[in-house]
Amino acid sequence: MTPAEETAISILAWLANEPELLGRFLALTGTDVSSLRNAAADPNFLAGVVDFLMGHEPTLLAFCETTGVKPEAVVRAHMMLSGPADSGDI
C-alpha cells in the first residue's frame, strides 16, 4: 500500500467515527456502509475519499488535528491518487 493509499484509509477510518460526515460522504458517493471495505480496495474510490476531505477546509483541519496527519500529507495523497490537475481548469 502506498503512503497516499494509507492516508486515504486513515481518512476513511476517521470518517467512520464522524457519523454526520460519513453519512454525507456515503450519500455523495452512492456507497453504503456494507460496501466500504470492498470499495476501499479501489484506487478511484480512495481518490474520492481524499477529494471529499479536500473539498472542505474545516473538515480537512479537523481530520489533521484529530489524527496528527499534516495537511501537506493529505495534499500529496490527493495529488498522487487524483493525478495531475487538468491544465484546462486554470
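**View 1. The end of helix α5 and its buried face.** Helix α5 is followed by G68, whose phi is positive, near 80°. The model shown in this and every other view is a predicted one. Within α5 (residues 57-67), the buried residues are T59, L60, F63 and C64. Looking down the axis of α5, these buried residues fall within an arc of 135°, so they line one face of the helix. The face turned away from that buried side carries the exposed residues E57, P58, E65 and T66. On the buried side, the residues of α5 pack against α1, α2, α4 and α6.

View 2. Helix α2 spans residues 19-29, and in it L21, L22, F25 and L26 are buried. Seen down the axis of α2, the buried residues lie within an arc of 135°, so they line one face of the helix. Turned away from the buried side of α2 is a face with the exposed residues P19, E20, A27 and L28. The cover over the buried residues of α2 includes α1, α3, α4 and α5. Just after α2 comes G30, which takes a positive phi of about 75°.

**View 3. The crossing of helices α1 and α6.** Helix α1 (residues 3-16) and helix α6 (residues 71-82) have axes that come within 8 Å and cross at roughly 115°. Angles from 65 to 115 degrees count as roughly perpendicular. α1 and α6 are therefore roughly perpendicular to each other. The crossing in which α1 passes α6 is left-handed. On the α1 side, the contact is made by A4, E5, T7, A8 and I11, and on the α6 side by A73, V74, A77, M80 and L81. The residues of this contact between α1 and α6 divide into 8 nonpolar, 1 polar and 1 charged.

**View 4. Residue T7 of helix α1.** T7 is found in helix α1. Is T7 buried or exposed? Residues under 20% relative accessible area are classed as buried. T7 has a relative accessibility of 12%, so T7 counts as buried. Leaving aside residues up to four places away in sequence, T7 touches A73, V74 and A77.

**View 5. The crossing of helices α4 and α6.** Helix α4 covers residues 43-54. α4 and α6 pack at an angle of about 140°, with their axes 9 Å apart. That makes α4 oblique to α6. α4 passes α6 in a left-handed crossing. From α4, the contact is made by P43, L46, A47, V50, D51, L53 and M54; from α6, by V74, V75, A77, H78, L81 and S82. By class, the residues of the contact of α4 with α6 are 10 nonpolar, 2 polar and 1 charged.

**View 6. The crossing of helices α2 and α4.** The axes of α2 and α4 are 11 Å apart, and the two helices pack at an angle of about 130°. α2 and α4 are therefore oblique to each other. Here α2 passes α4 in a right-handed crossing. In this contact, L21, R24, F25 and L28 of α2 meet F45, G48, V49 and F52 of α4. The residues of the contact of α2 with α4 comprise 6 nonpolar, 1 polar and 1 charged.

**View 7. Residue G48 of helix α4.** G48 is found in helix α4. With a relative accessibility of 29%, G48 counts as partly exposed. G48 is among the residues of α4 that meet α2. How far apart in space are G48 and V33, C-alpha to C-alpha? G48 and V33 are 15 Å apart in space and 15 residues apart in sequence.

**View 8. Residue L36 of helix α3.** Helix α3 runs over residues 36-39, and L36 is found in this helix. At 13% relative accessibility, L36 counts as buried. Which residues does L36 touch, not counting those up to four places away in sequence? L36 touches L12, L22, L26, T31 and F45. Two residues named here, L22 and L26, are listed among the buried residues of α2. L36 and L21 are 15 residues apart along the chain, and their C-alpha atoms are separated by 14 Å.

Definitions and conventions
Residues numbered from 1 in each chain as written. Predicted model: local features only at pLDDT ≥ 70, side-chain atom pairs only at ≥ 80, totals over all residues. Heavy atoms only, no water. Axes fitted to C-alpha atoms, helices over the stretch in contact; angles between N-to-C directions. Helix = DSSP H or I, 4+ residues; strand = E, 2+ residues; numbered from the N terminus. Parallel < 35°, antiparallel > 145°, perpendicular 65-115°, else oblique. Left-handed = near helix turned anticlockwise from the far one by under 90°. Contact = heavy atoms within 4.5 Å. Nonpolar A, V, L, I, M, F, W, Y, C, P; charged D, E, K, R; others polar. Buried < 20%, exposed > 50% of the residue type's maximum accessible area, 1.4 Å probe, protein only. Arc of directions from axis to C-beta.
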